[in-house]
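Reader: I have a chain on the screen and would like to read it step by step. Where do we begin?

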Amino acid sequence: MNQTNNGEKYGVFQYAHPHAYELTGKTLAFADEQGNAYTLEFVDTHTVRFTAPGVNELSQYEAEKLDGTTYFVAFGLIFRAVVIDLESGCAAFTKEEKGGYVLCRTADAPEQKFSFTDEMTDTYVRWVYGCERSIVNEHIGGGKCRCSWSPRPDIVRTIPVTEIKLKTSYYLVELNSSFPRNVDFPSSYTRNIMVQNYDKMEFV
């Protein structure tokens with residue numbers, strides 16, 4: 001049996017998008033609506049310096065490219081993430097609390113394109129991680145999402161969800177809860193952050 005093909009050897013992460021390195025050498029400066037500054041200096045292919053109110057840290061990062069101008073970046077000495085759209089000059093940074101985000105833009109961005117949304121209400125989708133590992137999201141409104149996980153569709157939880165519209169067909173979705181036991185995903189996960197492309201029906 002080829003374990004690579006059934007996910008037992010490398011797990012769901014073997015299906016992740018390849019890492020992107022185009023941000024290397026760039027320094028991206030953003031500000032939120034209150035004028036607080038957020039800066040990402042991509043020192044090399046693995047290291048980023050992040051400065052924000054009360055924060056100045058050097059850490060490793062991983063970046064995935066979603067399309068020609070949009071990146072998902074995970075970094076930080078504690079877990080942090082940001083979605084950056086170079087075309088609009090907008091960014092969404094995680095805060096330390098679950099479901100907390102700060103929306104920022106560059107100085108030359110004419111307006112904030114990212115926005116918290118309820119457009120996903122009444123949508124139902126099953127996201128497959130490969131080898132039939134999947135999660136079902138039923139967005140029921142009011143900041144709630146009804147979820148189930150393979151291989152136990154009988155285990156259903158209604159949990160808090162954060163939804164941010166990034167641009168046409170792109171949404172940032174965070175499920176703000178740990179996963180139940182006896183499903184295909186680690187129960188230790190407390191923040192499940194997905195950037196979902198409803199045009200191509202794919203996610204990271």
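Author: Begin with a term: a contact means heavy atoms within 4.5 Å. This is a predicted model, in which local features need pLDDT of at least 70 and side-chain atom pairs count only at pLDDT 80 or more, while totals for chains, interfaces and linings use all residues. Residues are numbered from 1 along each chain as its sequence is written, and side-chain values use heavy atoms, with hydrogens and water left out.

Reader: Which residues does Glu138 touch, not counting residues up to four places away in sequence?

Author: Glu138 belongs to strand β11, residues 133–141; helices (H or I, at least four residues) and strands (E, at least two) are DSSP runs, numbered from the N terminus. Setting aside residues up to four places away in sequence, Glu138 touches Thr123, Tyr124, Lys144, Cys145 and Arg146.

Reader: What is the relative accessible area of Glu138?

Author: Buried means under 20% relative accessible area, exposed over 50%, and partly exposed in between, with a 1.4 Å probe and protein chains only. Glu138 is partly exposed, because its relative accessible area is 27%.

Reader: How many residues of strand β7 are buried?

Author: Side chains in a regular strand alternate between the two faces of the sheet. On one side of β7 Cys90, Ala92 and Thr94 are buried, and on the other Ala91 and Phe93 are. Strand β7 (residues 90–94) is therefore largely enclosed by the rest of the structure, and its buried residues number five of the five.

Reader: Which strand does β7 join through five bridges?

Author: Two strands pair if DSSP finds at least two bridges between them. With β6 (residues 80–85), β7 pairs in the antiparallel sense over four bridges, and the two form a hairpin with four residues between them. The strand that β7 joins through five bridges, also antiparallel, is β8 (residues 101–105).

Reader: Which residues have the most contacts inside the largest nonpolar core?

Author: A nonpolar core is a set of buried Ala, Val, Leu, Ile, Met, Phe, Trp, Tyr and Cys residues joined through side-chain atoms within 4.5 Å. The largest has 22 residues, and those with the most contacts inside it are Leu40, Phe42, Val73, Ile84 and Phe93.

Reader: Which elements give two or more residues to this core?

Author: Leu40 is in contact with Ile84 and Phe93, among others. The elements that give two or more residues to the core are β1 (27–31), β2 (37–42), β3 (47–52), β4 (55–65), β5 (70–75), β6, β7 and β8.
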